[in-house]
Amino acid sequence: MMKYIYLILALIFFGLFWYFFIGNRLNRSLNIKKRQIAVNTIKNKYTKAMFISACCFFVCGMLFVIKVISRDYDALKQINNSFEYQESYKNQDLQHLSLDNSIRYLVYNHALEDDANVYYFEENYIYKFNLQTNNIYKVTINNDYQIISIYQNNNYLISLAVKDKTTRIEIISKYDLSIKNTLIIDGTNELILVDNQELNIIVSNIASKNSYQNGYFQNKANKITFKKMLYIDCTAFDKILTHLKVTFDDFKVKNNSICVADEFITYYEDLYITFNSFTEGSANNKIYVLKYSLDDMKVANYRTLNGVVYSTPYIVNDRLAIVINDLINNQKRIVKLDKYLNVLESHSINLLNQAKENSIVINDKYVNLENVLYYDSKYLLGYYIDNKFIYITEYIIELNASHEYRFEIPKEYQKFIVLNCVKQNNILIFSYQIDEQFGYYYLNCLEGKYGLLEIFSDNKYYITVNNIISNEKKIERN
């Protein structure tokens, strides 16, 4: 914002300079004619004004130029080889300034559906259940990897499997369950976004001296390293985020990496990466907010703020809200940015209630969820268990409102696990395991908030909005 003010002032003083310059010339010509006819001359007052306006134009112009060239884009450097990486490597022990309150959501088994089939997974198998014929087909994923989630578009299933700090992606044809492409990627999955044209994957790796060796295998071919890597000069980093884009028409892969510290990813049309720099100690830390374009695979914009990120950033009403711990003034602040990263508002907040682990600050309140099932820019969904009841809490971020649904557990238990949970079209759907037995529940959120859990059998249930599949057969919904 300031650079535009300097530009406007420079243009104003430039216009005044020309105004006073012309006045100076006219006054000088008039005095020459007065001398010729022996008339007293008038002191040329425009000379001093012209000089002052020229100086002001120069100062404002220089300030504008400084603002432009000092933007973080100039600090965004690219690493092209291993030697450059090791020279640029700036890792520090950042644990003492880690984020206080952050949402980390759990991944549960879940099922998908389209018009003709239900897709689900168990152990290292992905199943396709045909709704018309009740036939079940399956494809096997490598036994060394554990499947943790599946995604879909019109033509493909995408399975996400993990082993240690390696991510495995399978692109599978819905038609015959044949595996069309396999990616084995160094790093831990942070985000997957799927549409009908492309697959975007964000993985993270711990920054180390040999990070330039990180890469991926495609269909068991030779390893392809992440060669394009960006970092912000004069900052420390402890993690490397890598974006891989896979196109479905030819399965070509592009990659780009960014070195960050203590980062948080928020997705809303574009990717917003918020992280601390720790360049000047804890009190004078700068927060970097990068707007990263998934389409162009580049940093589209940036913003720096003073302080330390305190709570997971979130999107509300098309604005990015960041809760900041201002250590200099010993206060918490909320800063809201628009999609161009202009600061729209900034104000201090008083957090009265005590924070719990796995919480997020929205407005001036902690939202405490012990087990976060789902989290995006619209709402949070989590649960906790108290005595004989399980409470599922939904927090609608845009409305700053929460709803709690309570279910009674019918017996004493040693183990309770939520297997699947989703909310769609005002229907809350979840399946669960009580000890070694299983059950499921559909709740119309408009009609009620309470229910009694039932234990149906020893079969595991995979549920969608319209269908329930057990590990033996399909169950018709009432």
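Which residues do ring pairs link into a cluster?

**Close-up 1. Aromatic cluster in the predicted model.** Ring pairs connect Phe-407, Tyr-413, Phe-416, Phe-430, Tyr-432 and Tyr-441 into a cluster. The structure as a whole holds 21 aromatic pairs.

**Close-up 2. The stacked pair of Tyr-156 and Phe-248.** The two ring centres are 5.3 Å apart, with 15° between the planes. Tyr-156 belongs to strand S7 (residues 156–163), while Phe-248 is in the loop between strand S15 (239–247) and strand S16 (253–260), so the pair ties together parts that are 92 residues apart in sequence. Tyr-156 and Phe-248 are both buried.

**Close-up 3. Lysine charges over tyrosine rings.** Lys-138 places its charged end over the ring of Tyr-125, at 4.3 Å from the ring centre. For Lys-332, the charged end sits over the ring of Tyr-310, and here the distance to the ring centre is 4.9 Å.

**Close-up 4. An open sheet of five strands.** The strand order is S27-S28-S29-S30-S34, and the pairing is mixed. At the edges stand strand S27 (371–375) and strand S34 (450–452); each has a single partner strand, so one side of each is left without a neighbour in the sheet. On average, neighbouring strands of this sheet are turned by 20° against each other, direction ignored.

**Close-up 5. Pairing of strands S28 and S29.** Strand S28 (residues 379–386) and strand S29 (residues 389–396) run antiparallel and are joined by eight bridges. Leu-381 has Glu-394 in S29 as its bridge partner.

Note on methods. Residues numbered from 1 in each chain as written. Predicted model: local features only at pLDDT ≥ 70, side-chain atom pairs only at ≥ 80, totals over all residues. Heavy atoms only, no water. Phe/Tyr/Trp six-rings, centres within 6.5 Å; stacked < 30°, edge-to-face > 60°. Helix = DSSP H or I, 4+ residues; strand = E, 2+ residues; numbered from the N terminus. Buried < 20%, exposed > 50% of the residue type's maximum accessible area, 1.4 Å probe, protein only. Lys NZ or Arg CZ within 6 Å of the ring centre and 35° of its normal. Pairing = 2+ DSSP bridges. Axes fitted to C-alpha atoms, helices over the stretch in contact; angles between N-to-C directions.
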